[in-house]
Amino acid sequence: MASRLRKWQTEYLGRTLVTAFGLFVVVLTLGILGFLGYKGSATFIDYGHSLTEFLISSKWSPGEAGQSGSIGSAVFIIGSLEVSSLALLLATPLSLAMAIFIAEVAPQRLSTTLRSVLEIFVGIPSVVYGWIGLAVLVPFIADLFHLNFGFSVLSAALVLALMICPTITSVATDSLAATPNEYREASYALGSTRWQMIWHVKLRAAIPGILTGVVLGLARAFGEALAVAMVIGQSNRFASSLLAPTNTLTAVITANMGNTTTGSEYNDVLWSMAALLLAISLLFILLIRVISRRGQAS
Amino acid sequence: METETCVQTSALNLYYSDFQALRSVSLAIPRKHITALIGPSGCGKSSFLKVLNRMTDLIDHCRVEGQVLLADEDIYAAAVDPIMLRKRVGMVFQKPNPFPMSIYDNIAYGPRLHGQKGKHQLDEIVEKSLAAAALWEETKDRLKKSALSLSGGQQQRLSIARALAVEPELLLMDEPTSALDPISTGKIEELVFELKRSYTIIIVTHNMQQAVRISDMTGFFLLGELVEFANTNNMFTAPQDKRTEDYITGRFG
Ligand SMILES: Nc1ncnc2c1ncn2[C@@H]1O[C@H](COP(=O)(O)OP(=O)(O)O)[C@@H](O)[C@H]1O
Ligand SMILES: [Mg+2]
């Protein structure tokens with residue numbers, strides 16, 4: 001009897017618990033997906049807007065209290081895309097250079113230290129980056145380019161670049177360090193310099209990992225709300241230049257979710273934006289999967 | 001039979017920090033012959049090979065003393081560039097180690113490092129090297145495929161072809177068949193035998209039958225010392241040193 005109870009405990013209790021929690025997570029995820037889909041569709045079903053208007057129009061005056069206006073979100077979609085891709089463009093080369101330094105050039109002790117430092121940087125909350133951006137970067141940009149305000153696409157991209165650099169560097173470093181030592185020896189034995197070895201063999205072998213890091217960085221930049229909202233200027237117009245303010249999906253949601261009433265058109269269109277963000281994040285995750293699968297296949 | 005010397009070491013000592021891995025090794029490797037190095041593991045065979053292409057430079061706390069002459073030139077002289085030396089002294093490792101790129105790019109890797117850019121010349125080098133490694137027929141229709149899609153034996157022949165592509169004078173092989181099945185091993189042995197027409201080869205092997213089958217000269221290492229160096233037939237039929245005899249009759253190691 002006692003042994004059966006024991007068996008039940010060790011064997012079935014554990015399995016049941018794990019299964020239950022697993023199912024719970026699945027249900028929760030599906031629930032969130034369903035909820036976002038449901039809330040996000042109200043704009044189109046209840047208020048009769050078209051998806052094309054939402055995605056392509058830049059006319060933005062959503063109605064409150066039962067009224068209906070325009071919900072064109074192109075400014076924010078473009079804003080999100082330009083800020084995060086610019087951040088990526090700035091962060092990727094820098095991160096790669098740092099990763100190569102940490103994984104290949106720095107002496108062992110320095111390399112270990114830098115890796116721990118990186119992990120700390122990955123964990124810094126985004127509001128801190130935003131605040132530093134607001135306090136230091138925005139005035140600096142204003143000074144540098146003789147502007148009235150430094151709130152701009154450039155400020156947001158720089159803050160984001162700083163924020164995602166540690167993520168990309170960290171993943172790229174791991175991936176460089178994980179390339180088999182045999183490649184290194186084989187390259188040297190053919191008469192390559194250290195730099196040729198790193199450039200032609202190590203980097204090439206590490207590409208899937210590096211790309212994963214880049215996509216992770218992109219996902220983080222694209223989904224970042226607070227830090228961007230603090231320095232982008234939140235102007236509902238397309239940016240005429242990198243030094244002009246504009247707005248992003250995440251910043252609009254953050255700024256307005258508290259001031260709109262549930263069921264109003266304004267509130268509903270924010271949910272549509274959230275659903276769009278989720279869809280794009282899922283796309284990024286899919287991209288990571290494809291890249292890492294291709295990496296394993298070769 | 002009078003033969004030319006390809007590489008010669010005299011009073012060669014090698015230290016990893018305080019540990020001495022090679023003890024006063026002096027030997028002359030004949031050109032366009034196959035020299036086998038045998039001995040129990042840990043006796044310094046791989047270390048000896050690494051001295052010959054200065055891969056030892058890449059190991060921290062590793063120190064080499066003595067003289068190594070490659071075609072009468074001291075390869076440890078200050079004026080010698082180890083990069084250029086490694087172009088002259090190719091190396092094939094125990095584990096097949098193709099780069100994660102296409103078959104073509106693997107072979108073209110070395111020549112490209114050394115400045116060969118012409119598509120036509122590269123095509124020629126790739127074909128010639130693969131043919132020399134008896135791999136051309138199997139791969140000519142899939143040169144753009146990943147080298148990692150080849151079997152283990154093919155990968156090892158690819159590694160040999162890649163080493164041949166930079167036209168070394170001397171080819172070092174460190175237990176090139178120990179990770180392979182008997183059929184692939186047979187193919188590599190045949191290949192090595194063919195290659196001695198044009199190349200000087202030093203092959204480390206833990207397989208004494210292999211040494212007997214393919215080599216002209218054999219060196220027996222023990223605890224960092226070159227115990228005996230002789231014509232392969234003589235060594236295996238009439239070893240001069242008691243320790244050699246014990247080893248080849250399987251009494252230890
Ligand atoms: N990088 C190294 N650092 C320290 N000791 C080493 C290193 N490489 C080899 N050794 C030591 O040197 C000795 C000879 O090694 P090795 O040349 O690899 O022998 P073999 O190839 O005959 O098995 C061994 O005792 C080994 O532990
Ligand atoms: Mg060895």
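Predicted model: local features only at pLDDT ≥ 70, side-chain atom pairs only at ≥ 80, totals over all residues.
Colleague: Which residues of helix α7 of chain A are buried, and what covers them?

Modeller: Buried means under 20% relative accessible area, exposed means over 50%, and partly exposed lies in between, with a 1.4 Å probe and protein chains only. In α7(A), residues 181–189, the buried residues are Tyr183(A), Ala186(A), Ser187(A), Tyr188(A) and Ala189(A). For the cover, contact means heavy atoms within 4.5 Å. The cover includes α8 (194–223) of chain A, together with α2 (82–88), β6 (89–92), α3 (103–113) and α6 (152–164) of chain B.

Colleague: Is Thr19(A) buried or partly exposed?

Modeller: Thr19(A) is partly exposed, at a relative accessible area of 43%. This residue belongs to helix α1 of chain A, residues 2–45. Its C-alpha atom is separated by 36 Å from that of Leu176(A), 157 residues apart along the chain.

Colleague: How many helices and strands does chain A have, and what share of its residues is buried?

Modeller: Chain A has 11 helices and 2 strands, in the sequence order α-α-β-β-α-α-α-α-α-α-α-α-α. Of its 298 residues, 42% count as buried. The C-alpha trace of chain A spans about 80 × 70 × 35 Å along the principal axes. Among contacts in chain A between residues at least 6 apart in sequence, those joining residues at least 24 apart make up 70%. Accessible areas follow the Shrake-Rupley method with a 1.4 Å probe, and for residues only the protein chains shown count as cover. On that basis chain A has an accessible surface of about 15,800 Å², 68% of it belonging to carbon and sulfur atoms.

Colleague: What radius of gyration does chain B have, and what would a compact globule have?

Modeller: The radius is taken over C-alpha atoms, and the globule rule is 2.2 Å times the number of residues to the power 0.38. For 253 residues a compact globule would be near 18 Å, and chain B agrees, with 18 Å. Its C-alpha atoms fill a box of roughly 55 × 45 × 35 Å along the principal axes. Chain B contains 10 helices and 10 strands, and 55% of its residues count as buried. Its accessible surface is about 11,200 Å², with 49% belonging to carbon and sulfur atoms.

Colleague: Where is Leu130(B) found, and which residues does Leu130(B) touch?

Modeller: Leu130(B) sits in helix α4 of chain B, residues 119–132, and is buried, with a relative accessible area of 0%. Leaving out residues up to four places away in sequence, its contacts include Ile103(B), Trp136(B), Leu143(B) and Ala161(B).

Colleague: What does the side chain of Ser102(B) lie 3.0 Å from?

Modeller: A polar contact is a pair of N or O atoms within 3.5 Å; within protein, one must be able to donate a hydrogen and the other to accept it, and residues adjacent in sequence count only if both atoms are side-chain atoms. A polar atom of the Ser102(B) side chain lies 3.0 Å from the backbone nitrogen of Asp105(B). Ser102(B) is in the loop between β6 and α3 of chain B and is buried, with a relative accessible area of 10%.

Colleague: Which backbone atoms lie 2.6 Å from an oxygen atom of ligand 1?

Modeller: A backbone N or O atom of Gly42(B) lies at that distance, 2.6 Å; for Gly44(B) the corresponding value is 3.1 Å, and for Lys45(B) it is 2.9 Å. Taken alone, ligand 1 exposes 560 Å², of which the protein buries 62%.

Note on methods. Residues numbered from 1 in each chain as written. Chains lettered and ligands numbered in written order. Heavy atoms only, no water. Helix = DSSP H or I, 4+ residues; strand = E, 2+ residues; numbered from the N terminus.
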